[in-house]
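Subject: Structure for you to look at

Hello,

Here is the structure I said I would pass on. Please open it first, then read the notes below with it on the screen.

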Amino acid sequence: MSERPQNDDPDPNEAFDELVEAETDRDPDLAVIEAGSRTLRAQAGPPQGDGIPARPADPEVDRALRAVEDELAGRWGETKLDPSVQRIAALLDILGEPQRAYPSIHITGTNGKTSTARMIESLLSAFDLRTGRYTSPHVQSITERISLDAAPISAEQFIETYRDIAPYVEMTDAQQEYRLSFFEVLTAMAYAAFADSPVDVAVVEVGMGGTWDATNVIDGDVAVVTPIALDHTDRLGETPEQIAGEKSGIIKKDATVVLAQQPVDAASVMLKRAVEVDATVAREGMEFGVLNREVAVGGQMLTLRGLGGEYPEIFLPLYGAHQAHNAAVALAAVEAFFGVGSDHARTLDIDTIRSAFAAVSSPGRMEVVRRSPTVVLDAAHNPAGARAAAEAVTEAFGFSRLVGVVGASADKDVRGFLEAFEPIFAEVVVTRNSSHRAMDPDELAAVAVEVFGAERVQVEPRLDDALEAAITLAEEEGEFSGAGVLVTGSVITVGEARLLMGRS
């Protein structure tokens with residue numbers, strides 16, 4: 001693997017100089033951690049845009065990327081699993097265990113993992129730590145899954161990383177009962193890319209569950225558990241307690257566990273696991289939380305209580321109470337990583353925290369992609385996510401009439417999902433995305449008719465036609481009616497709608 005050249009030239013950015021000077025007023029030990037690799041961060045520069053890359057402009061690079069995508073797609077998909085970390089551990093052993101080269105923050109839960117990961121990444125970056133982030137699934141481009149310095153790795157680096165580890169993947173395949181899966185190979189790529197950079201800290205989202213998830217070959221210094229709800233019940237369990245048992249596997253000895261608000265039985269499982277491995281627990285509503293929240297233009301204004309004290313006047317450019325709670329969890333996770341609340345009984349620099357949250361984006365999560373009429377995308381795909389989205393869109397936009405576009409996966413609780421939106425959708429246009437897992441539009445329509453009534457349901461098998469139909473329905477009330485469209489049901493549906501709406 002290639003080695004990054006070093007550059008010790010001072011950074012000319014004025015804001016950067018101010019931050020360096022501010023470090024003199026901080027605890028010396030914490031300052032060292034927060035300062036991190038300033039030179040490397042300065043080389044990389046600030047993240048660009050919303051973090052969703054377009055296809056490579058160079059035809060040769062695009063062909064090479066498609067070849068890698070095809071090779072990965074030829075493996076077991078993300079929904080076909082063998083509950084074991086044996087294969088990924090074997091591969092990483094051959095690679096020299098790159099996941100041991102940096103500390104990590106490991107994130108599990110049912111909803112909010114990616115948004116929380118992005119917030120954690122933004123906070124760490126604001127303190128000049130070089131970050132690696134691994135999240136899934138992607139909205140539009142597979143390269144989104146692996147980020148360095150808050151930006152997806154380039155197509156060229158994605159290709160190079162795959163080619164670097166490909167011989168070792170083949171070697172591992174030959175030694176195992178089953179070939180490495182799509183997700184296992186991507187996970188190894190992420191861990192290798194982070195070590196090669198190198199990063200100061202990795203922010204890693206599980207693919208599914210925890211104990212046997214491919215990401216769970218790291219020993220996260222901080223384990224984050226976002227809200228647990230019923231999803232993937234065929235693999236993780238049919239109750240929050242059973243699902244929590246699987247997800248609690250990311251909690252490692254002597255780690256700090258940052259626990260979002262949970263169902264009581266799920267929280268009990270997590271606390272029991274923490275006691276077993278002598279982990280420290282920080283609970284939302286007890287050690288940290290949201291003290292105040294007000295809707296603001298383009299997002300919301302928050303006062304958060306962290307592990308070290310209060311953080312007032314924080315602007316978060318994301319909509320919904322659920323994102324405010326994700327922000328509280330993210331802040332507590334970063335404080336725990338820096339030792340705040342245990343080693344250091346004080347808050348982090350408030351101006352740095354404010355600028356970090358103000359820079360957060362989470363594409364496909366209550367994202368506005370058009371005005372007149374307003375079209376909003378949200379990747380909710382289970383009943384709990386749908387309820388959060390319904391509350392958020394009602395609070396933030398106050399549409400006089402809302403038309404839903406829903407393309408869901410066949411293995412989800414579609415009825416529960418639709419019932420969450422029934423009170424706010426005047427009409428719903430059911431459709432499908434391009435995934436083989438997509439629910440047939442006629443089957444989806446049959447469920448929708450039972451929930452909404454036939455007069456409120458329209459079927460458009462093609463997503464582009466569904467978008468056009470929904471926009472037409474919204475426009476029927478006139479230009480100044482305040483009608484809107486919400487596209488939801490799946491990350492894939494949202495990603496494809498994003499492309500169709502001109503976001504690339």
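Two residues are said to be in contact when they have heavy atoms within 4.5 Å. With that in mind, look at Glu-121, a residue of helix H6 (residues 113-126). Setting aside neighbours within four places in sequence, Glu-121 is in contact with Thr-131, Arg-133, Ser-147 and Ala-150. Is Glu-121 buried or exposed? The cut-off for buried is under 20% relative accessible area. Glu-121 has a relative accessible area of 3%, so this residue is buried.

Confidence and overall make-up

Keep in mind that this is a predicted model. The mean pLDDT of the protein chain is 86, and 85% of the residues score at least 70. Which elements have the lowest and the highest mean pLDDT? Helix H3 (residues 38-44) has the lowest, at 35, and strand S2 (residues 131-134) has the highest, at 98. Over residues 1-49 the pLDDT stays under 50, although the model has 73 contacts beyond four places in sequence for this stretch. Where pLDDT is low, the predicted coordinates should not be read in detail.

The protein chain has 504 residues, and buried residues make up 56% of them. It contains 18 helices and 17 strands. Of the contacts between residues at least 6 apart in sequence, 74% join residues at least 24 apart.

Helices H5 and H8

Two packed helices are described by the angle between their axes and the distance between the axes. For helix H5 (residues 86-94) and helix H8 (residues 182-196), the axes come within 10 Å and cross at roughly 35°. The crossing of H5 past H8 is right-handed. Which residues meet there? From H5 they are Arg-87, Ile-88, Leu-91 and Leu-92, and from H8 they are Glu-184, Thr-187, Ala-188 and Tyr-191. Sorted by class, this contact of H5 with H8 has five nonpolar, one polar and two charged residues.

Leu-92 is a residue of helix H5. Its relative accessibility is 0%, so Leu-92 counts as buried. Not counting residues up to four places away in sequence, Leu-92 touches Glu-97, Pro-98, Gln-99, Ala-188, Tyr-191 and Val-217. Leu-92 and Ala-192 are 100 residues apart along the chain, with 8.6 Å between their C-alpha atoms.

Gly-96 sits in the loop between H5 and strand S1 (104-108). The cut-off for exposed is over 50% relative accessible area. Gly-96 has 56%, so this residue is exposed. Gly-96 and Ala-192 are 96 residues apart in sequence, and their C-alpha atoms are 9.4 Å apart in space.

Strands of a sheet pair through backbone hydrogen bonds, either parallel or antiparallel.

Strand S10 (residues 299-305) and strand S11 (residues 310-316) are paired over five bridges. Leu-304 stands opposite Tyr-311 in S11, and Gln-300 stands opposite Leu-316 in S11. The hairpin of S10 and S11 has four residues between the strands, and Gly-309 takes a positive phi near 145° there.

Another open sheet has six strands in the order S12-S13-S17-S14-S15-S16, and its pairing is mixed. Strand S12 (367-370) and strand S16 (457-459) are at the edges with a single partner strand each, so one side of each is left without a neighbour in the sheet. The twist here averages 25° from one strand to the next. Strand S15 (residues 427-430) and S16 run parallel and are joined by three bridges. The bridge partner of Val-430 in S16 is Val-459.

Regards

Technical notes:
Residues are numbered from 1 along each chain as its sequence is written. This is a predicted model: local features need pLDDT of at least 70, side-chain atom pairs count only at pLDDT 80 or more; totals for chains, interfaces and linings use all residues. Side-chain values use heavy atoms; hydrogens and water are left out. Axes are lines fitted to C-alpha atoms, for helices over the stretch in contact, and angles run from 0 to 180 degrees between N-to-C directions. Helices (H or I, at least four residues) and strands (E, at least two) are DSSP runs, numbered from the N terminus. A crossing is left-handed if the near helix is turned anticlockwise from the far one by less than a right angle, and right-handed if clockwise. Ala, Val, Leu, Ile, Met, Phe, Trp, Tyr, Cys and Pro count as nonpolar, Asp, Glu, Lys and Arg as charged, and the others, Gly among them, as polar. Two strands pair if DSSP finds at least two bridges between them. Buried means under 20% relative accessible area, exposed over 50%, partly exposed in between (1.4 Å probe, protein chains only). pLDDT is the predictor's confidence in each residue, from 0 to 100.
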